[in-house]
Every structure is written in structure tokens, then in C-alpha cells.
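Dear colleague,

Please read the notes with the structure open beside them.

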Amino acid sequence: MGTRASKLALAQTGTVAAALEAAGATVEIVKVSTPGDRSSAPIAEIGVGVFTSALREALLSGQIDVAVHSYKDLPTAPQDGLSLAGVPQREDPRDALCARDGLTLGELPPGSRIGTGAPRRTAQLKALGLGLEIVPIRGNIDTRLGKVTSGELDAVVLARAGLSRLDKLAVVTETLDPIQMLPAPAQGALAVECRADDVDVEHLLHSTVDDPTTRAAVAAERSMLAALEAGCSAPVGALAEVVEDLDENGSVVERISLRGTAAVTSESGAVEMLRASGVADIGDAEKLGRMVADELLDLGAGAVRPGT
Ligand SMILES: NCc1[nH]cc(CCC(=O)O)c1CC(=O)O
């Protein structure tokens with residue numbers, strides 16, 4: 001199994017490895033270095049797939065047989081020759097504020113310095129109108145948290161899932177409500193890939209680590225992102241949840257609800273978050289994503305293409 005060498009990537013790969021071992025497989029972990037690990041430039045500058053392409057190449061060349069990615073880091077375009085055989089049950093997808101002195105977002109005084117490198121988090125924080133100063137940062141979770149401990153920053157915003165996997169939830173001072181901060185499409189989910197012609201491994205992954213509910217939710221979020229022609233560094237948030245609903249006969253059915261947001265920045269620099277949402281049958285998850293994207297485009301989301 002190939003993995004990036006960061007603590008988070010190793011923890012993520014470890015959970016999948018444990019599930020495969022419990023199913024009788026023998027696993028060897030192979031660390032693969034990616035351009036995203038070697039460069040500290042903003043992700044938007046290094047390009048799409050900075051954390052995932054090297055793992056995919058190792059898979060295609062036969063150096064490894066299974067790759068575990070953070071799903072939100074995968075480009076939306078499908079990859080020839082690979083199969084997304086397992087989408088394990090998702091962690092809590094929300095973002096988390098880790099602030100000094102136990103403060104919540106509303107308690108941070110205007111002018112507080114908040115670290116994040118994500119255009120999506122930056123846009124949503126600005127749109128809240130709290131007068132916070134957004135400071136661009138990159139680096140692994142410990143590096144980011146260290147900037148709060150040292151006093152360089154008042155807070156950082158991180159994926160709650162990453163902190164949970166590293167057993168660091170104690171540093172969270174507020175789990176951000178999706179009404180204020182919609183997570184990245186597929187945040188908190190993993191993507192487990194193998195070669196498309198490796199049917200035994202594909203079957204093993206599918207039968208041991210795949211969660212159809214997570215797969216449907218992520219499909220809705222990612223099809224919204226793809227329909228906006230945006231990538232993981234775009235100011236776009238999405239959250240799909242499987243909810244219980246009643247059909248026309250009054251029987252309980254599971255349906256999927258999707259909320260999406262995209263930022264538009266005016267010439268004066270003011271940020272507005274456009275919002276759209278919808279509900280559909282689980283089998284129509286991808287269609288739902290395209291519908292919510294169309295609604296965002298109708299509202300004026302055309303100006304959120306990558307790089308803008
Ligand atoms: N490349 C950043 C990245 N990719 C996946 C995670 C966290 C884990 C997840 O969202 O599943 C993170 C860090 C963060 O956003 O705080």
C-alpha cells in the first residue's frame with residue numbers, strides 16, 4: 001500500500017491497512033514522496049493533484065497495489081487504468097477552529113489573525129464580516145497548530161477529520177457549523193484506489209472498506225465541483241448528507257440532501273458566498289450535484305473558476 005509520509009497520511013493508510021489485515025490480507029506500507037510534500041508554495045500554484053499524482057503513478061507502474069488518498073485532494077477527472085474500489089465511512093466532514101485561549105469564532109476580536117491557505121476557507125471567513133485578518137499558511141497539521149501555540153497567529157482552521165485521525169481533537173475550540181463554513185467537497189473521506197485490471201484487490205477493497213452512503217454523498221459533492229469546472233483549490237464548499245424522507249406511500253426512504261456554496265469577489269474585494277441546495281433519491285446523487293451547480297451558476301458563480 002502506498003501512502004504519503006505525513007503523519008496524517010500514515011494514520012489514514014493505517015486504518016485501511018488494519019481493515020485489510022483483519023480480512024486476511026498481508027500488507028506492506030510504501031512511503032511515496034509527492035510534490036505537495038516537497039514544496040511549500042500555495043497549492044493553487046503547484047497545481048491539481050499535487051498530493052495524489054505520484055501515488056497514482058506508483059500504482060500504474062506496479063510499485064504499489066493500493067493507494068490511499070484524502071478524497072478531497074483527488075482531481076475531479078477520472079483516472080484511466082485505476083479503479084476507485086473503496087470509499088470508507090467518512091469522518092465528521094466539518095472544519096474546526098483551533099484558537100488561542102479556547103476562543104470561538106465569534107469571540108475572536110476584530111483584527112485577529114487566522115491562518116489558512118485554502119481559498120474556500122478564506123472566502124467564507126471574509127464573508128462572515130467579523131473583521132478577521134486572514135494569513136496564508138501551508139504545512140502539515142503540527143506546523144499549523146504550532147503557529148497558534150507560538151502566538152504568531154490567533155487561530156487556524158483545519159479539517160476536523162485530520163485532527164481526529166491524529167487524536168488531536170483536544171485542540172479544537174469550535175467545530176464550525178456548515179451554515180458558516182461549508183467543508184470542501186469530499187472532506188473527511190478517503191479514496192482507496194487499485195489498478196482497474198487487478199480484480200482480486202478490487203474485490204477485496206470493495207468488500208472490506210467500502211461504504212455506499214459515503215460514496216453517494218461524496219459523488220453528489222464532487223459532481224457539483226466538477227460541474228463548476230473547479231478543483232480542490234477553488235473557493236467552493238459542499239456538504240451532502242443522507243437523510244430519511246417519506247415516499248408517496250408514506251414509507252421511510254433514504255434520500256440525499258446537498259448544500260453548496262461558491263464565492264464571488266466584487267471589484268472592491270468584498271466576498272459574497274452564493275448558496276444553493278437540493279434533495280434527490282440516492283441513485284441520483286451525481287444529478288443532484290449538477291443541479292445544485294447549475295443553480296450556483298445561475299446565481300453568478302461563473303466567476304469562481306480556478307485561479308480567480
Ligand atoms: N491537503 C490538505 C488536506 N487534505 C486532507 C486533509 C484533512 C483530512 C480530510 O479532509 O479528510 C487536509 C488538511 C486540512 O484540510 O486540514
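Helices here are DSSP runs of H or I with at least four residues, strands are runs of E with at least two, and both are numbered from the N terminus. Please keep in mind throughout that this is a predicted model.

On these terms, β8 (155-159) and α7 (160-165) each supply at least two residues of the shell around the ligand. The residues that surround the ligand are Phe51, Ser70, Lys72, Asp73, Leu158, Ala159, Ala161, Gly162, Gln187 and Gly188, and by class they divide into four nonpolar, four polar and two charged. Because domain 1 (2-88 + 190-210) and domain 2 (95-175) both give residues to this shell, the ligand lies between them.

Strand β8 also belongs to an open sheet of five strands, whose order is β7-β6-β8-β5-β9 and whose pairing is mixed. At the edges stand β7 (133-135) and β9 (174-175), each with a single partner strand, so one side of each is left without a neighbour in the sheet. The pairing of β9 with β5 (residues 95-99) is antiparallel and runs over two bridges, and Leu97 stands opposite Glu174 of β9.

Note on methods. Residues numbered from 1 in each chain as written. Predicted model: local features only at pLDDT ≥ 70, side-chain atom pairs only at ≥ 80, totals over all residues. Near = placed C-beta within 6 Å. Nonpolar A, V, L, I, M, F, W, Y, C, P; charged D, E, K, R; others polar. Domains from an automatic or database assignment. Pairing = 2+ DSSP bridges.
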